[in-house]
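Welcome, and thanks for taking a look at this one. Please have the sequence and the model open side by side as you read the briefing below.

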Amino acid sequence: RSSDLESVLVRFKGEMQPGITLRDLVNAIPYAAIKEGTLTVGKQGKKNVFNGRVLEIEGLPDLKVEQAFELADASAERSANGCTVLLNKEPVIEFLNSNIVLMQNMIENG
């Protein structure tokens with residue numbers, strides 16, 4: 001990986017196991033980068049593959065939209081400029097339908 005990349009692909013593999021939390025997923029990202037040598041924790045010769053880049057997260061297609069938002073929001077902890085999370089249509093449709101119902105109720109109730 002060269003320093004002129006604008007994004008960093010973060011690909012989760014396999015099935016999400018019972019008991020794994022969203023925070024576990026957030027923490028898995030820097031853990032993998034440390035193992036790969038693209039992120040260091042020491043101050044000297046500091047490396048941060050995420051700094052100033054966009055994280056492109058794949059492999060978690062069935063996350064709820066709210067969970068995807070939290071995962072993307074946590075990318076700021078890595079000094080990333082932004083984040084995308086590739087989702088299946090179903091969680092997005094569920095989120096939009098839920099918001100439509102909420103807005104309809106708000107309109108009806110003034």
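In which helix is phenylalanine 69 found? Phenylalanine 69 belongs to helix α2, and you are looking at it in a predicted model. The protein chain carries 3 helices and 3 strands, and read from the N terminus these elements follow the order β-α-β-α-β-α.

**Overall shape and surface**

- The protein chain has a radius of gyration of 17 Å, whereas a compact globule of 110 residues would have one near 13 Å.
- Of the 110 residues in the protein chain, 25% count as buried.
- The accessible surface of the protein chain amounts to about 7900 Å², and carbon and sulfur atoms account for 54% of that surface.
- Taking contacts between residues at least 6 apart in sequence, 72% join residues at least 24 apart.
- On the charge side, the protein chain has 12 positive and 15 negative side chains, with 11 Å between the centres of the two sets.

**Helix α1 and asparagine 27**

- Helix α1 covers residues 22–36, and asparagine 27 is found in it.
- Asparagine 27 counts as partly exposed, because its relative accessibility is 40%.
- Asparagine 27 and alanine 74 are 47 residues apart along the chain, yet their C-alpha atoms are separated by 9.5 Å.

**Leucine 63, between β2 and α2**

- Leucine 63 sits in the loop that runs between β2 (54–58) and α2.
- Is leucine 63 buried or exposed? Leucine 63 counts as buried, because its relative accessibility is 5% and the cut-off for buried is under 20%.
- Leaving aside residues up to four places away in sequence, leucine 63 touches Leu25, Ala68, Leu71, Leu87 and Pro91.
- From leucine 63 to glutamate 90 it is 27 residues in sequence and 9.7 Å in space, C-alpha to C-alpha.

**Helix α2 and phenylalanine 69**

- Phenylalanine 69, in helix α2, counts as exposed because its relative accessible area is 57%, and the cut-off for exposed is over 50%.

**Serine 79, between α2 and β3**

- Where does serine 79 lie? Serine 79 is in the loop between α2 (65–73) and β3 (82–85).
- Although serine 79 is not a glycine, its phi is positive, at about 65°.
- With a relative accessibility of 37%, serine 79 counts as partly exposed.

**Helix α3 and the residue after it**

- Helix α3 takes in residues 89–108, which makes 20 residues.
- From its first C-alpha to its last, helix α3 reaches 28 Å, close to the 28 Å expected at 1.5 Å a residue.
- Glycine 110 follows α3 and has a positive phi, near 75°.

Technical notes. Residues numbered from 1 in each chain as written. Predicted model: local features only at pLDDT ≥ 70, side-chain atom pairs only at ≥ 80, totals over all residues. Heavy atoms only, no water. Helix = DSSP H or I, 4+ residues; strand = E, 2+ residues; numbered from the N terminus. Rg over C-alpha atoms; globule rule 2.2 N^0.38 Å. Buried < 20%, exposed > 50% of the residue type's maximum accessible area, 1.4 Å probe, protein only. Contact = heavy atoms within 4.5 Å. Areas by Shrake-Rupley, 256 points an atom, 1.4 Å probe, with all protein chains shown as cover. Lys, Arg positive; Asp, Glu negative; His and termini not counted. Charge placed at Lys NZ, Arg CZ, Asp CG, Glu CD. Expected span 1.5 Å × (residues − 1).
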